[in-house]
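This briefing goes through one structure by topic. Please keep the sequence and the coordinates open while reading.

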Amino acid sequence: MAKLHLQFDPNQRYQLDAISSIVELFQGTPRREGEFVLGDEIQPNFPEEENIDEFLLLDNLQAIQQLNNGENKGSELNVSESLNVDDGLVLEGTGNDSIRVPHFTIEMETGTGKTYVYFRTIYELFQKYGFTKFIIVVPSIAIYQGVIKTFEITKSHFSTIYSNIPVAFVEYDGNQIGRIRDFATNYFPTIMVMTRDAFNKTSNNFYKSSEKLPGELKPYQWVQGTRPIVILDEPQNINTEKANEAIRTLKPLFVLRYSATHRVTPNLSYRLTPVDAFRQKLVKQIEVIGISQLGDLNVPLLRLISVSRNPIAAKLKVYSLRDGQTSEQEVTVKQGDDLFKKTHREEYHGLIVNEIKIGKEGEDDYVEFANGLKVSFSDEVVGSKADVFRAQIEKTIETHIIRQAELLPLGIKVISLFFIDRVANYTAQDGLIKRLFDESFNKLKGKLTAFAKFEPHEVRKGYFAKPKPDSKDEEAVDTDGSNQKQREMEKAAFELIMRNKEQLLSFDEPVSFVFAHSALKEGWDNPNVFQICTLNQTNSSMKKRQEIGRGLRLCVDQTGARCPDYDVNVLTVVANESYESYVSNLQREYTEDGDEAPAAPKKAEDAISKRNNKIFTSKEFREFWQKLNQQMNYTIAIDTDCLISECVKRLDKTNFPEPVIVVSRGNFIIKEYSIKLLEATDLKAKIQITFKDTAGNNSKQELFFQKDSDLYKILRDDNLRGFKIMNIGKVGSEYRVKFTNEVEITTTQPHHFKTERAKASEPAKRETSEHTYPVFDVVNRVASETNLTRQTIATIFSRLSEGQKSKIFKNPEGWCGVFLAQIKGALCDHIAENIIFNVDPSAANYDADDLFPETRRSPQRELVPAGKRGLYDKVQIDSDVERYFVKNSVQEDEEHVILYFKFPPKFKILLPKIIGNYNPDWGIVRKSDDGNLTLQLVRETKGGLKLEELQFPQEKRKINCAMKHFKELGIGYRVVTHQTPSWWLEEGKGTIFSP
């Protein structure tokens, strides 16, 4: 089989919206043209003394936020009242400058392509503004490796989109510091990726002189000269004051922040919440199998949840008998408590709390009972760990086999991911988890032909790193490694994971079960993870959102193409707690992160709706389906003259963006300091500190200091950081004072230095720029985007008023964007008005059994009882309008309704790409009121009947096309609300959708 290559869709609307929400922030900034030079000259994004006007950035930010809200691009945003600008000092030891830099935030749910979005944003920023220097900062080795892998697998994709723009990629390594020169001097767009730990303290090689770099500049000074654009991946993990100082030390032009779980969101430009990601079907649905659903384990449940001080107490999870019913409960106990009396369950008889111990650092907390039994965080379930693990593992393998059998015809390989904390349970010679998996796999493998020939060790893989090559057992390594040894172990582990990502997706690779620890909580995911089994301890630091995030991405087939079928994209979590507990904690995590929680995952069995085969095989359904399933061809009778006239009419009324002068000189206050030794003894020194600045301030102070005196703290002046007296003594006959920053002063040799502090810009009048710019081939760009001929585009341009045409020279990019948008809008309307459908009786679109299977899974969709006439026993509801339409219109009319169903997402009416395909809402067969006719109906449910008030212009166009499509098929089509009387009748006279 050929090597699998992941494919990427360049036209995903939500990703394009996120990209434009950053790119348009700098609208009005002239494109900068670099100069190709030989040698070691730094190629900057912006000259050192210039900044992008903060008031223009605020204007653009507010316009973007309002546009995104108005056109429902992403989730709703609060419109900023002011521009949030980070203002503070650089790292101590690199200078005492104060830097102002604006940060802009993009929030995107895990699994929706955040890394793809910021890479493509880089290409767009170069294409539109000529920016060439980008630094991606990540918090861990895991994400570092993930970024490198994403660049590798998207490079050819972006080359196709952006006409082979040469983009260089630099993997920063402190041991190969010469790469900094390549980054700083490259004429073409250059991306450097580095971890937070590589530059967050002055002891890093990044801040040291190196013979591998020419001249006197240190590595960080080469970077400062580029005025880089910094991209923070998961900035909530790069949010210490030291990290913020390190980022300022790069002297970025601006900073872009990307994450699903931000702690702070300065200048939020685009937001895609978990709720909207699920609603738009951009990530997998989730179902949960809780521990109580794994069968009767016949074992006592006893887990330590937490230990608290003042008073000392412990919280335990147990089975408790209340009103004759047994359920999982959390109980709080203190010394002397009898667990039997608290639970009324015989298995806890004799368990009286003897001691509650709070362990020292590195030790477990535990509860000891009078009979000698100890329970700690390391003990998952007393007396039953093997039984619980076995049940979880068997259920995961069983679910895996069922899913793989279902998806094999689609060319989709299924992967299961097991999370464990105690790696020895897998890596030891007779590791419990490994042994249980091997036994369970051998027991079940005969149920899937593809597995029958394999031994367990051939289908499982554990991703761990050895502390030393000769280590007997492997150890778990957290991605937040606290020492160099751990970080090196992390790097070795994740290079292996990332390198084999595509191989793992191929049927040629037998490994289908991946065992990992908390190190995979970030930076790694795989689109074909369909099962996640949590064998980790209950007190694991890994959040449930992090766990499920490894498997949220939509799956791919053996060609590397995404599978859009939402029924296929279901992630099953086999949890080590009850369903209720797991879901409650997951939903709480969403709200704690500041997000609205999506629909709660269902139990696996509750997510299934069953087909009513009596209706499915009925004459009425078969006749209706035969008519619906006919293939339709369409033609578009374009009236070129009419289209040109409409475009010109719209464009002559359009406001094209006027360029403004947006590049302002840096507004800095420069302070000049002088530190002079006036007199000294062996014990103290009298020092004079003077300063004056460009704002007219000045000061002179003469004070006595002794060894270890810190001028920064005593004088409360941030610019004096590092001036802590290390030594006072004589050299020859002259006293010298030496500071910790290596500066020395004497009575004849004072120390002088300057600092800069960026100052907020003052509001100023910005005049329209009279500068003109060279114009690219607008005609060719618009023709390729719309599939109209170059002649048509040229004619539209030639017929514009001279005033509108002349604006292109002042702002070519901005003008072209408006020109294209108006032509696209006019073309879409023209197509919807002039499309003609024809039935092809020789072909059918879909197989009914494929589109309407025996059972359908809807793990995170609301299901309501469908009643007697439903094709399934439950029907999916996506809004209150649909809920009340089903309840009040369809189900209350069961006397006349013969059958009804909701069209599955896979059912599409194919329309021109510029409009997009259409998925109707409801198919209904109903008897007429007199019982003489059988009505075959398609109904679209909306909150209102006026097409002009629909949120998206494309909705109106799709509905107009659907009217013609169903009319040609002889099927009644109508837009209704849940309050439309006589909803089964065709449109009456009057308004087009008159009820």
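Rings of Phe, Tyr and Trp (its six-membered ring) form an aromatic pair if their centres lie within 6.5 Å; planes under 30 degrees apart are called stacked, over 60 edge-to-face, and the rest tilted. By that rule the structure holds 56 aromatic pairs. The model is a predicted one, in which local features need pLDDT of at least 70 and side-chain atom pairs count only at pLDDT 80 or more, while totals for chains, interfaces and linings use all residues. Residues are numbered from 1 along each chain as its sequence is written, and side-chain values use heavy atoms, with hydrogens and water left out.

**Overall**

- The chain contains 29 helices and 40 strands; helices (H or I, at least four residues) and strands (E, at least two) are DSSP runs, numbered from the N terminus.
- Of the 995 residues in the chain, 54% are buried; buried means under 20% relative accessible area, exposed over 50%, and partly exposed in between, with a 1.4 Å probe and protein chains only.
- Contact means heavy atoms within 4.5 Å. Among contacts in the chain with a separation of 6 or more, 70% are between residues 24 or more positions apart.
- The chain exposes about 45000 Å², of which carbon and sulfur atoms supply 46%; the areas come from the Shrake-Rupley method with a 1.4 Å probe, and for residues only the protein chains shown count as cover.

**Aromatic pairs and charges over rings**

- One of the pairs is F206 with Y207, edge-to-face at 5.1 Å centre to centre and 85° between the planes. F206 has 0% relative accessibility and therefore counts as buried; Y207, at 6%, is buried as well.
- The ring centres of Y918 and Y973 are 6.5 Å apart and the planes stand at 80°, so this pair is edge-to-face. Y918 is in the loop between β37 (897-902) and β38 (922-927) and Y973 is in strand β40 (residues 972-976), so that the pair links distant parts of the chain, 55 residues apart. Y918 is buried because its relative accessible area is 5%, and Y973 is buried at 4%.
- A cluster linked by ring pairs takes in F616, F621, F624, W625, Y846, F852, F901, F903 and F907.
- A charge sits over a ring if NZ of Lys or CZ of Arg is within 6 Å of the ring centre and within 35 degrees of the ring normal. The charged end of K284 sits over the ring of F530, 5.0 Å from its centre, and that of R926 sits over the ring of W984, 3.8 Å from its centre.

**Helices**

- The expected span of a helix is 1.5 Å times one less than its number of residues.
- In α29 the buried residues are R957, I959, C961, A962, M963, H965, F966 and L969. They pack against α20 (619-628), β24 (630-636), α26 (812-834), β33 (835-844), β39 (934-941) and β40.
- Helix α21 (residues 640-652) has 13 residues and should span 18 Å; its end C-alpha atoms are 18 Å apart, in agreement.
- L643, I644, C647, V648 and L651 are buried in α21. Seen down the axis, the buried residues of α21 fall within an arc of 130°, so they line one face of the helix; the arc is that of the directions from the helix axis to the C-beta atoms. An α-helix has 3.6 residues a turn, so residues three or four places apart point the same way.
- The cover over the buried residues of α21 includes α24 (790-798), α25 (802-806) and α26.
- H157 lies in helix α4 (residues 141-161) and is buried, with a relative accessible area of 13%. Leaving aside neighbours within four places in sequence, H157 is in contact with F8, D9, P10 and Y116.

**Backbone in loops**

- The peptide bond from N310 to P311 is cis, with omega near -5°. P311 is in the loop between β11 (302-308) and β12 (313-322).
- N310 has a positive phi of about 50° although it is not a glycine. With 77% relative accessibility, N310 counts as exposed.
- N267 also has a positive phi, near 50°, in a residue other than glycine. N267 lies in the loop between β8 (254-259) and β9 (268-272) and is buried, with a relative accessible area of 4%.
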